[in-house]
Amino acid sequence: MNRNIVITGGTSGIGYAIYKALTNLNNSECNKIAIIARHSSQKKSLFSADTLLIDADISKKEDVDTAEKKAMEFLGNIDILINNAGITNPSSFSKKTKDEIERTILVNLLGPLYITHSFLPHLSRQKNSIIVNITSAAGETGIPGLSVYSAAKFGLKGFSEALRKEVAVNNIRIIDISPGGVETPIHDTLVARKGKDSVNMDNALNPEDVADAVIYAINQPRNTSIHELKIRHSSLKMIGTYI
Ligand SMILES: NC(=O)c1ccc[n+]([C@@H]2O[C@H](COP(=O)([O-])OP(=O)(O)OC[C@H]3O[C@@H](n4cnc5c(N)ncnc54)[C@H](OP(=O)(O)O)[C@@H]3O)[C@@H](O)[C@H]2O)c1
């Protein structure tokens with residue numbers, strides 16, 4: 001199957017693993033992919049020449065509008081939107097500034113909503129399209145130090161649940177992929193602030209584990225809608241101390 005796909009945050013960690021999984025599947029599948037991230041053009045060497053790299057900040061409405069136009073000019077139509085871009089910025093709530101609170105909600109909650117709003121008309125025109133939202137274990141249980149991130153990811157999960165029921169009539173399936181701890185650069189800010197012992201990656205998932213779950217979920221037959229896949233690192237201990 002050849003599909004046209006947009007991945008936000010496809011330049012690092014889970015998003016890049018999803019990109020690799022979608023481009024390395026087998027010779028009979030040739031997906032056309034557009035990547036959206038703030039600094040995607042700086043990472044050109046990671047991608048094949050036929051990938052469109054769009055520099056855009058999903059928290060900015062004007063960037064999202066421009067990204068949609070560029071992506072649709074390139075793709076023509078879109079089969080799968082993967083809302084993956086995110087940040088954590090861990091610390092206790094009382095130590096956060098209001099600007100930090102706003103930024104965490106903007107990127108993790110409003111960003112995926114802006115992106116979905118822009119691409120939804122195009123997804124609706126396809127007969128069998130899919131939106132994948134990368135949520136988090138922190139969107140199912142509160143984690144100290146990740147209060148604002150948790151608020152955003154709980155919100156994203158609520159959005160998925162409601163939108164799924166709105167757009168089922170257009171045959172759009174919405175899949176939440178909810179990882180536990182994954183070894184990616186998202187933890188770098190915590191390590192920079194608290195030292196490398198603040199995060200224990202020994203039992204963490206690899207980004208490829210999450211990408212495998214995405215591939216499984218998007219390849220189900222049309223009559224099957226996977227609403228959510230929860231993937232946890234096997235020790236079930238928190239991988240970091242976030243405050
Ligand atoms: N790693 C974990 O333990 C874990 C666990 C559960 C859920 N998740 C979720 O998985 C997703 C991917 O995280 P990751 O761990 O792979 O993180 P990562 O390695 O830090 O990658 C984040 C990606 O998002 C992009 N990004 C960040 N802010 C952006 C913005 N404002 N606009 C556009 N792109 C932006 C980054 O590129 P630029 O910097 O160039 O913009 C990068 O491509 C996130 O939604 C995260 O919440 C991660």
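## Strand pairing

Two strands count as paired if DSSP finds at least two bridges between them. In this predicted model, three bridges join strand β1 (residues 4–8) to strand β4 (residues 80–83), and the two strands run parallel. Ile7 stands opposite Ile82 in β4.

## The sheet

β1 and β4 belong to an open sheet of seven strands with parallel pairing, in the order β3-β2-β1-β4-β5-β6-β7. The edges are β3 (52–55) and β7 (228–231); each has a single partner strand, so one side of each is left without a neighbour in the sheet. From one strand to the next, the twist averages 15°.

## Helices across the sheet

Helix α2 (residues 61–75) lies across β1, β2 (32–37) and β3, and runs at about 170° to β3. Helix α6 (residues 207–218) lies across β4, β5 (130–134), β6 (173–179) and β7. The angle between α6 and β6 is about 160°.

## Helix α3

Helix α3 covers residues 98–125, which is 28 residues. From its first C-alpha to its last, α3 reaches 40 Å, close to the 40 Å expected at 1.5 Å a residue. The helix has a kink of about 45° at Phe119, shortly before the proline Pro121.

## Around the ligand

The ligand is surrounded by 28 residues, of which the closest are Gly9, Gly13, Arg38, Gly86 and Thr184. By type, the shell divides into 12 nonpolar, 14 polar and two charged residues.

Elements that each supply at least two residues of this shell are α1 (13–23), β2 and α3. The most comes from α1, with three residues.

Terms used. Residues are numbered from 1 along each chain as its sequence is written. This is a predicted model: local features need pLDDT of at least 70, side-chain atom pairs count only at pLDDT 80 or more; totals for chains, interfaces and linings use all residues. Helices (H or I, at least four residues) and strands (E, at least two) are DSSP runs, numbered from the N terminus. The expected span of a helix is 1.5 Å times one less than its number of residues. The bend at a residue is the angle between axes fitted to the seven residues ending there and the seven starting there. Axes are lines fitted to C-alpha atoms, for helices over the stretch in contact, and angles run from 0 to 180 degrees between N-to-C directions. Two residues are in contact if their C-beta atoms, placed from the backbone, lie within 7 Å. A residue is near a molecule or strand if its C-beta atom, placed from the backbone, lies within 6 Å of it. Ala, Val, Leu, Ile, Met, Phe, Trp, Tyr, Cys and Pro count as nonpolar, Asp, Glu, Lys and Arg as charged, and the others, Gly among them, as polar.
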